[in-house]
Amino acid sequence: MRKIFFVFVFFVFAYSATAQTFEARVNRSSVPEGETFLLTLELNGAKTNQTPNFSPLDIDFTTYSIAQSHRTNIVNGNVSQSQQWNLVLMPNKIGKIVIPAIELDKYKTTPIEIYVGEQNAKDISDQSQIKPVRFKINGSIDNTKPYVQQQINYTLTLYDAGGLQGDAPFFVNNDENNWIIKSLGEPQIQTKLDNGKTYREITFKYALFAQKSGEIEIPPVRFNGFYLTKDQRTDPFANLFADSAFSGGFGFSDVFATRNPVILNTKPIKVNVQPAPAENGRDWWLPAENVKLYAEFVSQPPRFKVGDAVSRNIYLQATGVIDSQLPDITFSATPNLKQYPEKPQFEAKLQNGKIIATKKITNVYIPTKAGELILPEISVDWFNTKTKTMETATLPEMKVLVAENPNMQKNNNQPSAIAKQENNFIESQNNQPPKPVIPETSVWKMNILAFGLGIIICLIIIKLVSLARSIKSGYSKQVISAAKNRDFRTLRDAILAWAQNKWPDKKIISLQDVDEIVENKEFRCELDKLSEVLYSQNEKEWNEFLFIKTFKKINKKHRKIGKYNEPLPKLYK
């Protein structure tokens, strides 16, 4: 009897030892690059409150979700329990990857080998696992040896053969000290046919400007998205509607669908950026495909008279640069001519995949003498990226004939007449008898009148101060109004006017100048977004409420401002 008891105990322990297992399995051993797969960990015949150690997975995988479940099975009166952990994983590299052993208490799973990337039949023993790649991403540039600050075009292509969805791609960890990146408009989508199967080709275009020379790396581009798969177990309409147009029209297929994450990354591209040539010899460096200088008078034909103002618009246009790269235009001093350049205005447009930046400056000419006058030549040196040579864009000098101004002649004679009248008045005063003495009774009346006049003058001064403050506050109101209306070009000009009013002693001609003066990370980010939307015309990426909130904070911080800055200098000073 005792022998039978020991045999029974032995079999019980033997059964328990064999029943307690901790296993790992995957739903597929071949995973296309950028797609997820399911790793299932199952503990059988035992119960634990502990969680498996998932940290070894962090080396080669990104974990998107972890779901835990418990299950009790009763078979022929025998009760068994199991616990499961289902992990949705994304491989971080391609090729053969080993899923490491996962530990839980005293248990450990067996490592599993999977293959990630575009499958090769030679690399996979189980040919049934070979599946076509559903999603791919590729980045390329048109110039691997650009000059510093020269535009190079970056083309990003997404290949979608399985209903890919998601947000716009973005450059990962871009250092603005290395690259300025501008979007070149909306993506282009084409449907193509390959081996009898259709797929979408989505192309994004970017303009990149290297900010330093040497070998630097274009950062990778990342796309975060997903694709949907129907869950037949939970979809009550799966068999009822199948793939009918009815279900598609009402979106039943999406209600019970599962989102499968997709992350696609391009490879970084190394670029050998060449420095500016030594013969540049200028304070600025303008590498472009083409540069033009041209001008037009506001009034046609222009009429030059002594003392009268004549306005002329001068345009500097460059292909393959952004507005911040355009140099200042200098106006040489000329005898018998006063010149008053106004604040420059900027414009950017896209043409044949190139950014064309234009700077417009209105210069006011005021001749001071009649006769022949020469409007001086204007020139800008630039580097031709096609011919690899320095060139000069020139606006030639212009001869004009200045006429006499009858109104100015009258004004010139007026001082002598006034002086003569003053002399006659002084002589008449000397010949007059002494002034009568004012009675004391009227003195107090004069004092009251003077006191009242002083009060009126004080009220006028207070009113003028209030008016000046309202003018100052008007600049910030213009900024907020333009932001609310999403009028981006007006917003840019309003920001420049606001900053020039805040800091009249600073030279502010661009948003970059505003950024350098304000020195605030949040405001810098909003200015960058504004510059981005000015070039890309993608208004969806801009949040006016966030901009206004940030601007109000900056405006309040810099409440103390300098002397009111007039929009233009006095022309007849």
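# Reading a predicted model: terms and values

Biologist: Asn 138 lies in strand E10, residues 135–141. Why does Asn 138 count as partly exposed?

Modeller: This is a predicted model, and the value is computed from it. Buried means under 20% relative accessible area and exposed means over 50%, with partly exposed in between. Asn 138 has 39% relative accessibility, so it counts as partly exposed.

Biologist: Which residues does Asn 138 touch, not counting residues up to four places away in sequence?

Modeller: Asn 138 touches Thr 155, Leu 156, Thr 157, Tyr 159 and Thr 266. Contact here means heavy atoms within 4.5 Å. There is also a C-alpha distance to note: Asn 138 and Val 221 are 83 residues apart along the chain, and their C-alpha atoms are separated by 9.0 Å.

Biologist: What makes Thr 36 a buried residue?

Modeller: The limit for buried is under 20% relative accessible area. Thr 36 has 7%, and therefore it is buried. Thr 36 sits in the loop between E2 and strand E3 (37–44). Beyond its neighbours within four places in sequence, its contacts are Arg 28, Val 31, Tyr 64, Val 88, Leu 89, Met 90, Asn 260 and Pro 261.

Biologist: E2 has come up. In which sheet does E2 take part, and in what order do the strands stand?

Modeller: E2 belongs to an open sheet of three strands, ordered E2-E9-E6, with mixed pairing.

Biologist: Why is E9 described as largely enclosed?

Modeller: Strand E9 covers residues 112–116, and four of its five residues are buried, so the rest of the structure largely encloses it.

Biologist: What makes E21 and E29 edge strands?

Modeller: They belong to an open sheet of three strands in the order E21-E28-E29, with mixed pairing. Strand E21 (287–288) and strand E29 (389–395) each pair on one side only, which puts them at the edges. E21 is joined to strand E28 (residues 378–384) by two bridges, and these strands run parallel. Ala 288 stands opposite Asn 384 in E28.

Biologist: What stands out about the phi of Lys 388?

Modeller: Lys 388 has a positive phi of about 60° although it is not a glycine. Lys 388 lies in the loop between E28 and E29. Its relative accessibility is 45%, so it counts as partly exposed.

Biologist: Why does Arg 486 count as partly exposed?

Modeller: Buried requires under 20% relative accessible area. Arg 486 is at 21%, so it counts as partly exposed. Arg 486 lies in the loop between helix H6 (443–484) and H7. Its phi is also positive, near 55°, in a residue other than glycine.

Biologist: Why is H7 called roughly parallel to H10?

Modeller: Helix H7 (residues 488–502) and helix H10 (residues 544–557) pack at an angle of about 10°, with their axes 13 Å apart. Angles under 35 degrees count as roughly parallel, so H7 is roughly parallel to H10.

Biologist: Which residues meet between H7 and H10?

Modeller: Leu 491, Ile 495, Trp 498 and Lys 502 in H7 meet Phe 547, Phe 551, Ile 554 and Asn 555 in H10. By class, this contact of H7 with H10 has six nonpolar, one polar and one charged residues.

Biologist: Where is the cis peptide bond?

Modeller: The cis bond joins Gln 300 and Pro 301, with omega about -10°. Pro 301 is in the loop between strand E22 (290–297) and strand E23 (310–319).

Biologist: How many helices and strands are there in the protein chain?

Modeller: The protein chain has ten helices and 30 strands. Of its 573 residues, 38% are buried. Among contacts in the chain with a separation of 6 or more, 70% are between residues 24 or more positions apart.

Note on methods. Residues numbered from 1 in each chain as written. Predicted model: local features only at pLDDT ≥ 70, side-chain atom pairs only at ≥ 80, totals over all residues. Heavy atoms only, no water. Buried < 20%, exposed > 50% of the residue type's maximum accessible area, 1.4 Å probe, protein only. Pairing = 2+ DSSP bridges. Axes fitted to C-alpha atoms, helices over the stretch in contact; angles between N-to-C directions. Parallel < 35°, antiparallel > 145°, perpendicular 65-115°, else oblique. Nonpolar A, V, L, I, M, F, W, Y, C, P; charged D, E, K, R; others polar.
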